[in-house]
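Me: I'm new to this one and would like a walk through it. Could you show it to me?

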Amino acid sequence: MIKKIKSLFFINEEKIDKFEIFFDFIKKYVQKNYPKINFDFSNINRFKNELKVDVQKSLFVEYLVKQFIEFDYKKITQNSVKRELTWEGYGVNSLPNLRLPHDFSRRKELVFYRDKSTCNRCGTVMERLSQASFCFVQEIEDGGGYNIENIILLCSSCNQVVNNFKENYNEMELIFRDKLYEFIS
Ligand SMILES: [Zn+2]
């Protein structure tokens, strides 16, 4: 009997221990890689009621995904850059126009450089311009221009939240979620 209790006790210890390690690791990971999102970790003990560690981990990940999606974000006018960094025709091509200006890719490069490849919403740092998404502070349809103060740099996950929001969070394809699930073995 004692043996049995002991074995149960150890299984339980092991289970909690594994979740604790996972929890600490993920906490540090998201705070380092998504520094602008104020994640709340105060209410995680409830996941420990789940019997299976994998279920605990998945619930914890989904809890963070929910916080990532629901993080309150407001689009505001972005920084200017030194005039020397712009080019001939920059001003004229900045004017509101439903057609993208021919120098838009150059504008994207400049915004990526201006923001040090950092997502404006979550603070994650992107490795390449091809990973970046962009949106406008004031939409072009609403009279916004292509001047770089009106262009916001977003990571792909934040772009999904800002521009492709779905009521059912499971339908949202987020690299943020994929990355966290990679840590569940
Ligand atoms: Zn982001």
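This is a predicted model: local features need pLDDT of at least 70, side-chain atom pairs count only at pLDDT 80 or more; totals for chains, interfaces and linings use all residues.

Me: Where is isoleucine 26 found, and is it buried or exposed?
Reply: Isoleucine 26 is found in helix 1. Buried means under 20% relative accessible area, exposed over 50%, and partly exposed in between (1.4 Å probe, protein chains only). Isoleucine 26 has 0% relative accessibility, so it counts as buried.

Me: How is lysine 108 classed, and what separates its C-alpha atom from that of glutamine 78?
Reply: Lysine 108 sits in helix 4. Its relative accessible area is 29%, so it is partly exposed. Lysine 108 and glutamine 78 are 30 residues apart along the chain, and their C-alpha atoms are separated by 13 Å.

Me: Which residues coordinate the zinc ion?
Reply: Donors are N, O and S atoms within 2.8 Å of the metal (3.2 Å for Na, K and Ca); water is not among the atoms, so sites may look incomplete. In sequence, the donor residues here are spaced C-x2-C-x32-C-x2-C. At 2.3 Å, the SG atoms that coordinate the zinc ion belong to Cys119, Cys122, Cys155 and Cys158.

Me: What arrangement do the four donor atoms make?
Reply: Four donors count as tetrahedral if all angles lie between 85 and 135 degrees. Around the zinc ion the angles are 105 to 115°, which makes the arrangement tetrahedral.

Me: How many residues apart in sequence are the parts that cysteine 119 and cysteine 155 tie together?
Reply: Both cysteine 119 and cysteine 155 are buried. Cysteine 119 lies in the loop between helix 4 (104-114) and strand 1 (133-136), and cysteine 155 in the loop between strand 2 (151-154) and helix 5 (156-163), so the pair ties together parts that lie apart in sequence by 36 residues.

Me: What is the phi of serine 117, and is this residue buried or exposed?
Reply: Most residues other than glycine have a negative phi. Serine 117, in the loop between helix 4 and strand 1, has a positive phi near 55°. Its relative accessible area is 13%, so serine 117 is buried.

Me: And lysine 116, is it buried or exposed?
Reply: Lysine 116 is found in the loop between helix 4 and strand 1. It has a positive phi of about 50° although it is not a glycine. With 64% relative accessibility, lysine 116 counts as exposed.

Me: How far apart are the end C-alpha atoms of helix 2?
Reply: The expected span of a helix is 1.5 Å times one less than its number of residues. Helix 2 (residues 53-70) has 18 residues and should span 26 Å, which agrees with the distance between its end C-alpha atoms, 26 Å.

Me: Which helix gives the most to the lining of the largest pocket?
Reply: Helix 1 (2-33), helix 5 and helix 6 (175-182) each supply at least two residues of that lining. With three residues, the one that gives the most is helix 6.

Note on methods:
Residues are numbered from 1 along each chain as its sequence is written. Side-chain values use heavy atoms; hydrogens and water are left out. Four donors count as tetrahedral if all angles lie between 85 and 135 degrees; four count as square planar and six as octahedral if opposite donors are over 155 degrees apart and all others between 65 and 115; anything else is irregular. Helices (H or I, at least four residues) and strands (E, at least two) are DSSP runs, numbered from the N terminus.
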